[in-house]
Structure formats: C-alpha cells, structure tokens
Amino acid sequence: ETAAYLAREGRAVTVLERLPEIAGDGEPNVRHYLMEDLERYRTAVYTCAEVKSVDQGQVCFVHGGEEHRLETDTVVLAAGLRPASGLWEALQDCGTPVVRVGNAAEVKNGFWNIREGFQTGREL
C-alpha cells in the first residue's frame, strides 16, 4: 500500500518481495485494487527477491539467481511482524481486565485484526 501511494504521488517505485506473491494473505478485494494500482502506476515488482544490502544510493538484491543493483534515493522497509506481548504482560496486575487482540496476540493481516478487535469489543 505504501508503494502504491508513492507511485500515485509520481515516484518511481520498485517492490522487492521475498515471498512468491505480494499481499498473498491480504483480503482479496483490497489486494485486487492494490495490484491494479501497482500496475496502473508502472510499479516494478520482483517476487522471490532477497535483499543483500542497502548502501547509500543503492539496494543490492538477488532475483532469479542473479544479483541486481537498484539506484535509489529512498528505501521503505516492511520486514514482517512478530507478536509483541510486553504491554499486555505489564498490565496483567493493573486490576482491570486486559484483552490482547490483533498482532499483539497473533500475527495476521489487517482485515483479520480489525475483525478480531470488532468481535472482542462486541463481546465485552
């Protein structure tokens, strides 16, 4: 989504994705329009790409067994998620029930996080 936004703003954008597809776990309708935007704004996309280094002015990555260098002035990093339970653990003795939802409980996409938050709110 950040790539699509930057492309709409007129920036030349390249997406390097380590997985075989972009937003493969995303909500299908949202993913459809994201992919349309990336294509409409001529965003270069490399799936199964592994970034080796980021140096001033360039990114080195491997795609299809070959090493590539990409000239750049900006890098946006989105490198996955891990559940973070520190705040939840710290609040266990606060005297008020605390519910852990979203990526704090288990990593999932934004659609499922919103749904889980909504459902939890209804149950409370």
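Two strands count as paired here if DSSP finds at least two bridges between them. The strands themselves (E, at least two residues) and the helices (H or I, at least four residues) are DSSP runs, numbered from the N terminus. This is a predicted model, in which local features need pLDDT of at least 70 and side-chain atom pairs count only at pLDDT 80 or more, while totals for chains, interfaces and linings use all residues. Residues are numbered from 1 along each chain as its sequence is written, and side-chain values use heavy atoms, with hydrogens and water left out.

## The sheet

Let's start with the strands.

β3 and β4 run antiparallel and are joined by 6 bridges. β4 (residues 58–63) also pairs with β5, again in the antiparallel sense over 6 bridges. Some of the bridge partners are set out below.

| Residue | Bridge partner | Strand of the partner |
|---|---|---|
| Ser53 | Cys60 | β4 |
| Val62 | Glu67 | β5 |
| His63 | Glu66 | β5 |

How many buried residues does β5 (residues 66–71) have? The count is 0 among its 6 residues, and the strand is hardly covered. Buried means under 20% relative accessible area, exposed over 50%, and partly exposed in between (1.4 Å probe, protein chains only).

## The largest pocket

Now to the pocket, with a volume of about 1,900 Å³. A pocket is an open set of points on a 1 Å grid over the protein atoms alone, where a 1.4 Å probe fits, with protein on both sides within 12 Å along at least five of seven lines; lining residues have an atom within 4 Å of a point. Of its 49 lining residues, Val15, Leu16, Glu17, Leu77 and Ala78 are the closest to the centre. The elements giving two or more residues to the lining include β1 (14–16), β3 (49–55) and β5.

Asn113 lies in helix α4 and is buried, with a relative accessible area of 17%. Gly86, found in helix α3 (residues 86–90), counts as partly exposed at 48% relative accessibility. Gly86 and Ala104 are 18 residues apart in sequence and 8.9 Å apart in space, C-alpha to C-alpha.

Technical notes: Grid points are joined across faces, edges and corners, and a volume is the space filled by probe spheres set on the points.
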